[in-house]
Structure formats: structure tokens, C-alpha cells
Amino acid sequence: VANFYERRARRILPALYLVMLFSILFAWFWLRAHDMKDFSESLFAVSLFLSNILFWSESGYFDAAAEFKPLLHTWSLAVEEQYYILFPLLMMLFWRYGKRQTFIVLAIIGVTSFTFAQWASVASPYAAFYLLPTRGWELMIGAFVALFLCQANRVEFSSNVSEVGGWLGLALILFSVFSYSKSTPFPGVYALIPTVGTALIILFATKSTIIGKFIGNKFFVSIGLISYSAYLWHQPLFAFARNISYNKPSNIVFVILTLASIVLAYFTWRYIETPFRIKSKFSRKFIF
């Protein structure tokens, strides 16, 4: 368990703290007093992986005021880390009873979470969007995929099945990207489409398939390598641009900021993310 949390810390914290540090510097010069107070609260919440609860209590994710919050996007990181705190303990508790029993328990929890998400997406949409009980089933689908892939005698799919499954997964993701809008109830049933699409790609898009080679090309893989850092940088850049502008920044500005986030992501990945993941450079004691 300690090794698991160490790996999470190496993966998540160094780049996160770097972006938080730069955000503090920009916030000091550009944010108004009231906004600075809100920003300080978000810094505290992010450090404890509770920012999803903070932002849920403050406003809706798509409210106009939300777009001005530099650390708004960390809600998803908080959900992820809350899940990763609980999930290993859950596995330790039930694994002794065997894989089958563990799978049944996870399935019950996952179905319950999904059912709750579907209900809350209509009854309490902000809570459904931000909180772990309504988002946990999405992460748990990944656990089901992992349990399947770790079986020594698992079913091997034919090349045709793998090809169709992989392309179907990509189609489901693209469909959700281009057809969903701010008015789409989410999560719940609508969240099944991109989540199942992702699971299909993990299961079927192998190196031996055309779809696997397509999404596994060097360009996409390079974007994937820096994606975490790009995720961290984009929202602060967008939010600060909105805060210092009297009018909404133009699309050209957002394009420039998007490119800037990719450039910053590359350097963050190379000089922060990668070194901290090497145990010979930074010991476990140092990380903790």
C-alpha cells in the first residue's frame, strides 16, 4: 500500500505543486481581494484533495463565475485521489475472499454509484458532477477492465473482434466530444458513452490491430505523455486571461493560451514529472 501511494505521489504532486506555485504568483498581482480570498481557499482544498467539495459548495461548474477560478479543474483530481485512497483499502479487505467475491462487491458498489449518479444528475446536478459517490462508477469500470486483463486464462479475442471493439470505442468517445453540450445531463447514462468507449479501447486496441496502431502513433503518444501537465496548466492560463481582461478574451487568445499550455506541459513533463518518478534520484523518504 505504501508503494502504491508513493507512486501516486510521484505521479501527481510535483507538477501540481509547481502549477499551484505559479498560480499564487499570478494571483498576487492580478486577482481582486475577494477573488484572492476564494483562490486561497481553493489552494487549501487542493492540497487536501477536497477541491471538488469546495467548488460544489460554491457554484455550478458552468456558471460564469466558475470560469474565473484558476484551480477549478482540480475537482477531477480530487475525485480521482479520493478514489485512490479508498480503493486499495477496499481491495485489501475483500481480496482474501477471492477474485470472484471481490468482483461481485465491486460490481454492487459500481451499480449503486451509477444508479445514484443517474438520479442525482436530474435531482442535484452539481452534486452529481463533483462528488465521488456519483463519479466512482466511472473509475470502477477501469477496475473491472484491470481485473479482466490480469486473469491468466482470460478469453483471447479474435483480430476482427478486437478491430471492431477498438473502433467502436473511439467512435463513442468522438460522439460524446462533438454531440454533448452544457445542457447534457451528466454524469449518469450520458457518461456511459465516453467511459465505455475508453474501456473498449483499453481492451481491444492492441498493437496488432489497425486501431491500436492508429491511436498508438508517436504524435498521440506524445500528447498522452504530457497530458497531465497540460491538464494542470490550461485552466489557470484561461482563468487569469479572463480575470485581467475587461471583455471576454478572443478565440485567438485562447488558441495562443492552448499552445502555451502544451509548451509548458512539455517542460513540466520533462523536468518535473519525469525526474521525480525516478527512485534513484528521489527516495521514498524524500517524496513523503
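Biologist: In which segment is Val1 found?

Modeller: Val1 is found in the segment before α1. Helices (H or I, at least four residues) and strands (E, at least two) are DSSP runs, numbered from the N terminus. This is a predicted model, in which local features need pLDDT of at least 70 and side-chain atom pairs count only at pLDDT 80 or more, while totals for chains, interfaces and linings use all residues. Residues are numbered from 1 along each chain as its sequence is written, and side-chain values use heavy atoms, with hydrogens and water left out.

Biologist: What does Val1 count as at 46% relative accessibility?

Modeller: Buried means under 20% relative accessible area, exposed over 50%, and partly exposed in between (1.4 Å probe, protein chains only). At 46%, Val1 counts as partly exposed.

Biologist: Which residues of helix α3 are buried, and why do they line one face of the helix?

Modeller: An α-helix has 3.6 residues a turn, so residues three or four places apart point the same way. In helix α3 (residues 51-58), the buried residues are Ser51, Asn52, Leu54 and Phe55. Seen down the axis of α3, they fall within an arc of 160 degrees, so they line one face of the helix; the arc is that of the directions from the helix axis to the C-beta atoms. Their cover includes α2 (33-47), α4 (74-95), α6 (125-130) and α7 (132-149), where contact means heavy atoms within 4.5 Å.

Biologist: Where is Arg8 placed, and which side chain does a polar contact join to that of Arg8?

Modeller: A polar contact is a pair of N or O atoms within 3.5 Å; within protein, one must be able to donate a hydrogen and the other to accept it, and residues adjacent in sequence count only if both atoms are side-chain atoms. Arg8 lies in helix α1 and is buried, with a relative accessible area of 16%. Its side chain is joined to that of Glu81 by a polar contact of 3.0 Å. Leaving aside neighbours within four places in sequence, Arg8 is in contact with Leu13, Glu80, Glu81 and Tyr84.

Biologist: What joins Phe186 and Pro187, and what is phi of Phe49 near?

Modeller: Most residues other than glycine have a negative phi, and most peptide bonds are trans. A cis peptide bond joins Phe186 and Pro187, with omega about 0 degrees. Pro187 is in the loop between α8 (159-179) and α9 (189-204). Phe49, in the loop between α2 and α3, has a positive phi, near 55 degrees. At 16% relative accessibility, Phe49 counts as buried.
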